[in-house]
Amino acid sequence: MKSAVITFPGSNCDRDMDVALKKFGFKNKMVWHQDVELPKSDLVVLPGGFSYGDYLRCGSMASKSKIMQSVINFANSGGMVMGICNGFQILVETGLVPGVLLRNKYLEFICKNVFVKINDKSNIYFKDISSNVLELHIAHNDGNYFCTNDQLKEIEDNAQVAINYCDPEGKIEEPFNPNGSIKNIAGIFNKEKNVLGMMPHPERMIDPSLSGEDGSYFFKNLINNLK
Amino acid sequence: MKISVIITLKKDVLDPQGKVIHQALDGMGFDDVNEVRQGKYFEIDTSETNPKKAKDKVEEMCKKLLANLVIENYKIIDAQ
């Protein structure tokens, strides 16, 4: 399976993602944001970081990068595109997934492990993960998911909520919402569920020395389902 | 020609920064403030000389990049 990770100026999780993808069997290529063509890929990843210094709005400048037109075309033709953290912010700015990510409710940079409940398994990203709850890492200033009431209705009607912040048992309640996101939303799909944006970093949880291994389930499942 | 743009958050969107500024003002003794909303201000210097065309272009810039219309409104306030 071939993957491509896009590096923007200010990306800082691109190499972690490269390590994670390779560990689970992807042949990964790094792609510079000024490139025009994507290499032939089964999966394109927009990594975490602070592209363009988070100027204007997080992800707004990166969403207009040269490579993004190819990424948008790839997604619109059914290609698998995943945005993690800043990558999620870039995805919402392209309009590939609905909503926006606002400044965290309590204005803090949050860097900690959280639990997320897998809300929908009728998709390649989460299909065969046996557990319903994963412990993943978040590190962001702007992860407060927001959308209009009309958008929220549409997202829920189409089962586009991928994961919600929860407690270790999977209870989705306000005390387990780290950043103020509507309905504890931590990740969403586009309508067709080939595009996934999420704030948590599975690539940071792929080794016991990295405080957890739940990210391994995610990547193992992903490559198995893409084969 | 210089054109100015003000971007503000829509009414229903939470503005935690505005809230904190409000609290700080309150703590400083400005206790008659009802609400503070933080926004953005841009000055765009363009070589376009036709005011109508310049304004139309800036409007396109607002829609495509400067504002995110899910959460923000834009107002073009000046063409001179």
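**The sheet and its surroundings**

In this predicted model, chain A holds an open sheet of nine strands in the order β2-β1-β3-β4-β11-β10-β9-β6-β7, with mixed pairing.

Q: What makes β2 (27-32) and β7 (133-140) of chain A edge strands?
A: Each of these two strands pairs on one side only, and they stand at the two ends of the strand order. Neighbouring strands of this sheet are turned by 25 degrees against each other on average, with direction ignored.

Q: How do you know that β3(A) and strand β4 (residues 80-84) of chain A pair, and in which sense?
A: Two strands count as paired if there are at least two bridges between them, and β3(A) and β4(A) have four bridges, in the parallel sense; they therefore meet the definition of a pair.

Q: Which strands pair with β10(A), and what makes them count as paired?
A: Strand β9 (residues 161-166) of chain A is joined to β10(A) by three bridges and runs antiparallel to β10(A), with A:Ile163 standing opposite A:Gly187 in β10(A). Strand β11 (residues 195-198) of chain A also pairs with β10(A) over three bridges in the antiparallel sense, and here A:Ile188 has A:Gly197 in β11(A) as its bridge partner. Since at least two bridges are required, both pairings qualify. β10(A) and β11(A) moreover form a hairpin with five residues between them, and A:Lys193 in the turn has a positive phi of about 65 degrees.

Q: Why is strand β10 (residues 185-189) of chain A called mostly covered?
A: A residue is buried if 20 or more other C-beta atoms lie within 10 Å of its own, and five of the five residues in β10(A) are buried.

Q: Why is A:Leu56 called partly exposed?
A: A:Leu56 has 17 C-beta neighbours inside 10 Å, whereas a buried residue needs 20 or more and an exposed one has 12 or fewer, so A:Leu56 falls in between and counts as partly exposed. A:Leu56 is found in the loop between β3 (43-46) and α2 (66-76) of chain A, and its phi is near 65 degrees, a positive value in a residue other than glycine.

Q: What makes A:Leu107 count as exposed or buried?
A: A:Leu107 has 12 C-beta neighbours inside 10 Å, and the limit for an exposed residue is 12 or fewer, so A:Leu107 counts as exposed. A:Leu107 lies in the loop between β5 (100-102) and β6 (110-118) of chain A and has a phi near 60 degrees, again positive in a residue other than glycine. Most residues other than glycine have a negative phi.

**The chain as a whole**

Chain A has five helices and eleven strands.

Methods
Residues numbered from 1 in each chain as written. Chains lettered and ligands numbered in written order. Predicted model: local features only at pLDDT ≥ 70, side-chain atom pairs only at ≥ 80, totals over all residues. Axes fitted to C-alpha atoms, helices over the stretch in contact; angles between N-to-C directions.
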